[in-house]
Amino acid sequence: MTRKVLVSGGTSGIGAGIAQAFRDHGDSVIAVGLAGPELDTAAKDGAFRGITLKALDVSDQQAVDDLAGSLGDLDVLVNCAGMIRRMAEYEMATFLKVLDVNLSGTMRLCMACKPQLAARRGAIVNMASMLSFFGGPAVPAYSASKGGVMQLTKSLAVAWAKEGIRVNAVAPGWIATPLTQALQDDAARSQVILDRTPMARWGTPADVAKAVLFLASDKADFITGAILPVDGGYAAM
Ligand code: NAD
């Protein structure tokens with residue numbers, strides 16, 4: 001059966017890898033990202049062939065509602081949109097913005113898509129992080145948001161199980177994407193990450209996508225409320 005899949009943050013990094021993996025699996029995929037150069041570049045990139053690309057700001061309630069209303073059926077929602085602002089997150093306006101995108105944006109899309117997902121007994125996969133488990137002194141809002149995503153995932157899993165919607169999350173370790181470009185480019189800091197990662201390499205969007213496809217599939221029929229690390233063993237150390 002061809003499933004319909006919506007991936008937020010699907011025009012860059014991990015989300016793009018997830019959108020492409022569902023497309024390669026034969027699913028019908030809508031990838032949404034912020035309007036601007038990233039979306040324009042994706043529209044010209046052959047790697048997105050066969051994927052429907054749309055602009056969406058997950059902090060815009062009306063835009064989220066309009067998009068959900070335009071979807072028709074939906075089998076899988078992947079909430080991958082996210083931002084990080086590091087030490088600027090100690091400024092209150094930035095703190096609130098990161099929470100609004102990473103945590104509230106996830107809740108907005110879950111709520112807006114719930115009727116369609118219930119109708120298809122569908123699945124949600126959210127994007128947690130190692131920073132769902134650990135504090136991050138240089139990223140207070142990002143860490144708070146990802147701790148929140150973990151608890152939101154568990155809460156919605158319990159609340160929506162009787163309606164047939166499974167809600168899980170993946171918690172990626174260190175993945176090579178534009179979000180972590182500065183760290184990848186800093187040889188000393190990259191080495192610290194590799195030394196702390198048992199599998200001693202950066203992860204890829206494809207690594208994360210495989211776990212997301214599993215959680216969204218019928219192989220995970222009896223799994224809900226799980227937070228699955230995809231981290232090369234980082235959280236086990
Ligand atoms: P990325 O910067 O490549 O992608 C982030 C995506 O989110 C982009 O498509 C961007 O357009 C979108 N986005 C940002 N603000 C948005 C908004 N207001 N509305 C809609 N879309 C918005 O980064 P990535 O590394 O691919 O991150 C994807 C997700 O994975 C994020 O939730 C991030 O927190 C999470 N994550 C990443 C890592 C890592 O090491 N890269 C680790 C753990 C978790």
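Q: In this predicted model, a pocket is an open set of grid points with protein on both sides within 12 Å along at least five of seven lines. Which pocket does the ligand take up?
A: A molecule sits in a pocket if more than half of its atoms lie within 2 Å of the grid points of that pocket. The space taken by the ligand is the largest pocket.

Q: How many residues surround the ligand, and of which classes are they?
A: Among the closest are Ser12, Ile14 and Glu38. Both α1 (13-25) and α5 (140-160) supply at least two residues of the shell. The shell has 27 residues: 15 nonpolar, 9 polar and 3 charged.

Q: How much of the ligand's area does the protein bury?
A: Oxygen atoms of the ligand lie 2.6 Å from an N or O atom in the side chain of Ser12, 2.5 Å from a polar side-chain atom of Tyr142 and 2.9 Å from one of Lys146. Taken alone, the ligand exposes 830 Å². Of that, the protein buries 94%.

Q: Are the rings of Phe134 and Tyr234 stacked, edge-to-face or tilted?
A: The count of aromatic pairs is 3. The ring centres of Phe134 and Tyr234 are 6.2 Å apart. Planes under 30 degrees apart count as stacked and over 60 as edge-to-face. The planes here are at 55 degrees, so the pair is tilted.

Q: How far apart in sequence are the parts that this pair ties together?
A: Phe134 lies in the loop between β5 (123-127) and α5. Tyr234 lies in the segment after β7 (227-230), so the parts tied together are 100 residues apart.

How values were computed:
Residues numbered from 1 in each chain as written. Predicted model: local features only at pLDDT ≥ 70, side-chain atom pairs only at ≥ 80, totals over all residues. Heavy atoms only, no water. Near = heavy atom within 4 Å. Polar contact = N/O pair within 3.5 Å; in protein donor to acceptor, adjacent residues only side chain to side chain. Areas by Shrake-Rupley, 256 points an atom, 1.4 Å probe, with all protein chains shown as cover. 1 Å grid on protein atoms, 1.4 Å probe; cavity = no way out; pocket = protein on both sides within 12 Å on 5 of 7 lines; lining within 4 Å. Helix = DSSP H or I, 4+ residues; strand = E, 2+ residues; numbered from the N terminus. Nonpolar A, V, L, I, M, F, W, Y, C, P; charged D, E, K, R; others polar. Phe/Tyr/Trp six-rings, centres within 6.5 Å; stacked < 30°, edge-to-face > 60°.
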